[in-house]
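Colleague: Here is the model I would like to go through. Please take the ligand sites in turn.

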Amino acid sequence: MIISMRQHATKEEIDHVCERIRDFGYRVHSIDGEERVVIGVVGTGDVTACLESLEATPGVERAVRISAPYKFVSREFKKEHSAIRVNGLEVGGAEFIVMAGPCSVESEKQIMETAEAVAEAGARMLRGGAFKPRTSPYDFQGLELEGLKLLRKAKEATGLGIITEIMSDRDVDLVAEYTDCMQVGARNMQNFALLKSLGSCGRPVLLKRGLSSTIKELLMSAEYVVAHGNSEVILCERGIRTFETATRNTCDIAAVPVLNELTHLPVVLDPSHATGKRSLVPALARAGVAIGADGLIVEVHPCPEKAVSDGAQSLTPAGFRQMMRDMAPYIRLWKEARAQSSTLAVAAL
Ligand code: PEP
Ligand code: MN
């Protein structure tokens, strides 16, 4: 159950509602939003009686029964698709947002060249890891602070919003200072200390699906961030681990419409990690547009054969330009469908 308080509900009214909830044997999890307080009701008890009683309690605007274990992120809680603001853009809004850039920030020349190329080709955000989660401790671990500073420089030069990975709760303030969107990588999807600390980071979060995580687990992780105070969460399908070896991961393309049914949060697709192969990226990117994703996050490197990470799946700037050109008619249809749908443009394509 979720209780939305009226906009100007008093502290006494809020305390009274919490007291009533506890009287019914439930626990309270309240979130102080900018406009109103929303109270999550957790536990088991007599739902109908509690709901009826709360609906009639002063200060309550709406009491909603939510059957899913994830409450705040569920469609039951919010019917309209959420648009998340990032550096003046809206992910989940009227525009299809392409985020592009190298896997890792490697040097000033590399990130500036990439930023300029992807901006010119139509990307709206620049991606690039400064803290890298590598399978081997001997592989490049990222430029860390220097990488963050280079991302800032690329933003100043191009106006592109920045998205970069955060790996540890210890680095949240540092990364938040430099980036517009905090990326939680697949390997950290269930780093609960990190998820909790992102609740108060003051930046939107892009949460990638874990390597072997179910959609429900992804949504529970998103719920962590929201329940700790940050409702600005974007989800990302980036492929999962299966028996198939032809691709680096198996893209669960159906996860996009499944998520669109289950949650109001925007969903972007990462065709780079989902395939691991440059030649497959454009086709999957088009599929992402057609199936109703809100955007893409794509790896691009000025010289992929020299990349310190993920070169095989990185597009060249020319390849990225071509992909964007080929995607344009799909994006036009996407926009028309999105404009016609008050909740979501999925099926119309
Ligand atoms: C990345 O975006 O470079 C990355 C490490 O992705 P993932 O967490 O999806 O593996
Ligand atoms: Mn990568």
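Colleague: Which residues surround ligand 1?

Modeller: This is a predicted model, where local features need pLDDT of at least 70, side-chain atom pairs count only at pLDDT 80 or more, and totals for chains, interfaces and linings use all residues. Residues are numbered from 1 along each chain as its sequence is written, chains are lettered from A and ligands numbered from 1 in the order written, and side-chain values use heavy atoms, without hydrogens and water. A residue is near a molecule if one of its heavy atoms lies within 4 Å of it. The shell of ligand 1 is Cys103, Arg127, Lys132, Glu165, Gln183, Gly185, Ala186, Arg187, Lys208, Arg238, His273 and Glu299.

Colleague: How far is a polar side-chain atom of Arg127 from an oxygen atom of ligand 1?

Modeller: A polar contact is a pair of N or O atoms within 3.5 Å. His273 places a polar side-chain atom 3.2 Å from a ligand 1 oxygen. For Arg127, the distance is 2.8 Å.

Colleague: Which residues coordinate the manganese ion (ligand 2)?

Modeller: Donors are N, O and S atoms within 2.8 Å of the metal (3.2 Å for Na, K and Ca); water is not among the atoms, so the site may look incomplete. In sequence the donor residues are spaced C-x169-H-x25-E-x10-D. At 2.0 to 2.4 Å, the manganese ion is held by Cys103 (SG), His273 (NE2), Glu299 (OE) and Asp310 (OD).

Colleague: Is Cys103 buried or exposed?

Modeller: Buried means under 20% relative accessible area, exposed over 50%, partly exposed in between (1.4 Å probe, protein chains only). Cys103 has 3% relative accessibility, so Cys103 is buried.

Key:
Polar contact = N/O pair within 3.5 Å; in protein donor to acceptor, adjacent residues only side chain to side chain.
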